[in-house]
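Here are some friendly notes to read alongside the structure. They take up the nonpolar core and then the salt bridges.

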Amino acid sequence: MPLVHRIPFAVVLLASVSAFAQEGRQQVPIDKAAQYEGREVTVCGPVDTARRAPNVQGEPTLLHMGGAFPHHKFSARVWGQDRDKFEHDLESLVGRTACVSGRVTLVGKRPEVVLSSPENLAVF
């Protein structure tokens, strides 16, 4: 596809990401998210892998960003009890750009945001 056809999409994507992040949360890069532990932020980027863990307590679905599992730099967790609230099949988001908003916690040394509401997830 010629670059001319890509530019409008890039402009729309950047405008959409900015509008989502302006809802009172600072937008931070995936590789810097750990520095914001305990703070409410927005993290945007491609979803590299997504996996549902039915054999783990709470049956979470994990969206991995900043690299594929297990080498990812950031994850978003949706607990099984909240999964039906989301219009997207979370595992189908691989390869798409997502913005997630919430409080950053560290799981091990990796930053994570728990998504309990679809308002905290935007997919582009």
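1. We can begin with a charged pair: Glu 40 forms a salt bridge with Arg 25, and their closest N and O atoms are 3.1 Å apart. (A salt bridge here is a side-chain nitrogen of Lys or Arg within 4 Å of a carboxyl oxygen of Asp or Glu.) Glu 40 sits in strand E2 and Arg 25 in the loop between helix H1 (3-21) and strand E1 (26-28), so this pair ties together parts that are 15 residues apart in sequence. Helices (H or I, at least four residues) and strands (E, at least two) are DSSP runs, numbered from the N terminus.

2. Before going further, please keep in mind that this is a predicted model: local features need pLDDT of at least 70, side-chain atom pairs count only at pLDDT 80 or more, and totals for chains, interfaces and linings use all residues. Residues are numbered from 1 along each chain as its sequence is written, and side-chain values use heavy atoms, with hydrogens and water left out.

3. How exposed is that pair? Glu 40 is partly exposed, with a relative accessible area of 33%, and Arg 25 is also partly exposed, at 23%. (Buried means under 20% relative accessible area, exposed over 50%, and partly exposed in between, using a 1.4 Å probe and protein chains only.) Arg 25 and Glu 40 are linked with Arg 103 in a network of salt bridges.

4. The count comes to four salt bridges by this rule. One of them joins Glu 112 to Arg 77, with the closest N and O atoms 2.8 Å apart. Glu 112 belongs to strand E6 (residues 110-114) and Arg 77 to strand E4, so parts that are 35 residues apart in sequence are tied together. Glu 112 is buried, at 4% relative accessibility, and Arg 77 is buried at 13%.

5. Asp 82 and Lys 85 also meet in a salt bridge through their side chains (2.9 Å, N to O). Asp 82 is buried at 7%, whereas Lys 85 is partly exposed at 47%.

6. Now for the nonpolar core, meaning a set of buried Ala, Val, Leu, Ile, Met, Phe, Trp, Tyr and Cys residues joined through side-chain atoms within 4.5 Å. The largest one has 23 residues, and Val 43, Phe 74, Leu 115 and Leu 121 have the most contacts inside it. Strands E2 (40-52), E3 (61-65), E4 (74-78), E5 (97-107) and E7 (121-123) each supply at least two of its residues; E2 gives the most, with four.

7. Which residues does Val 43 touch, leaving aside neighbours within four places in sequence? Its contacts (heavy atoms within 4.5 Å) are Val 28, Ile 30, Ala 33, Met 65, Phe 74, Ala 98, Cys 99 and Val 100.
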